[in-house]
Amino acid sequence: MAHAILAFCCAACFMPALANPMLVMSIPARWHGTEYVPDPDGSREPICESCARQLLQRFERDRLPIPKIVREADYFERAYHIAHDQQDS
Ligand SMILES: [Zn+2]
């Protein structure tokens, strides 16, 4: 079965990344000339795994509501490790 893979540049650190478009974490951001800047009124833009992990830690520290799907133990595996999955036989 073919997986849809989203190739994008992280809205937070601008590194190119791959993710599952259904599961990727995103933040509200706005394109500002040459880069994304956080903007509560902006559209949601995808972020990479390392930024998503930092965001999750901040949410835990600040006791903000974390989406149920993100709390699942294998969330990062399923959202960001798509290529590895496809290499498993
Ligand atoms: Zn990033």
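This report describes the fold, strand pairing, loops and core of a predicted model.

## Overall architecture

The chain is built from four helices and five strands, and from the N terminus on these elements follow one another as β-β-β-β-β-α-α-α-α. Of its 89 residues, 18% count as buried. Among the contacts in the chain with a separation of 6 or more, 42% are accounted for by residues 24 or more positions apart.

Helix H1, which covers residues 49–62, has 14 residues and reaches 20 Å from its first C-alpha to its last, close to the 20 Å expected at 1.5 Å a residue. Arg63 follows H1 and has a positive phi, near 55 degrees.

## The three-stranded sheet

Three strands form an open sheet in the order E4-E3-E5, and the pairing within this sheet is antiparallel. Strand E4 (35–38) and strand E5 (43–46) stand at the edges, and each has a single partner strand, so one side of each is left without a neighbour in the sheet. From one strand to the next, the twist averages 65 degrees. As a general point, the strands of a sheet pair through backbone hydrogen bonds, in either a parallel or an antiparallel arrangement.

Strand E3 (residues 26–32) is joined to E4 by four bridges, the two strands running antiparallel. Along this pairing, Ala29 has Pro38 in E4 as its bridge partner, Arg30 stands opposite Val37 in E4, and His32 stands opposite Glu35 in E4. The hairpin of E3 and E4 has two residues between the strands, and in this hairpin Gly33 takes a positive phi near 75 degrees. E3 also pairs with E5, again in the antiparallel sense and over four bridges, and here Ile27 stands opposite Glu45 in E5.

## The loop between E4 and E5

Asp39 is found in the loop between E4 and E5. Asp39 has 14 other C-beta atoms within 10 Å and is therefore partly exposed. Leaving aside residues up to four places away in sequence, Asp39 touches Pro28, Ala29 and Arg30. The C-alpha atoms of Asp39 and Pro28 are separated by 5.5 Å, although these residues are eleven residues apart along the chain.

When residues up to four places away in sequence are not counted, Met15 touches Cys9, Cys10 and Cys48. In the case of Cys48, the separation from Met15 is 33 residues in sequence and 7.5 Å in space, C-alpha to C-alpha.

## The nonpolar core

The largest nonpolar core has 14 residues, of which Cys10, Ala11, Ala19, Ile47 and Cys48 touch the most other members. The elements that give two or more residues to this core are strand E2 (16–19) and helix H3 (75–80).

Ile47, one of those core residues, touches Cys10, Ala11, Ala12, Met25, Ser26, Ile27, Ala52 and Leu55, not counting residues up to four places away in sequence.

Methods. Residues are numbered from 1 along each chain as its sequence is written. This is a predicted model: local features need pLDDT of at least 70, side-chain atom pairs count only at pLDDT 80 or more; totals for chains, interfaces and linings use all residues. A nonpolar core is a set of buried Ala, Val, Leu, Ile, Met, Phe, Trp, Tyr and Cys residues joined through C-beta atoms within 7 Å. A residue is buried if 20 or more other C-beta atoms lie within 10 Å of its own, exposed if 12 or fewer, and partly exposed in between; C-beta atoms are placed from the backbone. Two residues are in contact if their C-beta atoms, placed from the backbone, lie within 7 Å. Two strands pair if DSSP finds at least two bridges between them. Axes are lines fitted to C-alpha atoms, for helices over the stretch in contact, and angles run from 0 to 180 degrees between N-to-C directions. The expected span of a helix is 1.5 Å times one less than its number of residues.
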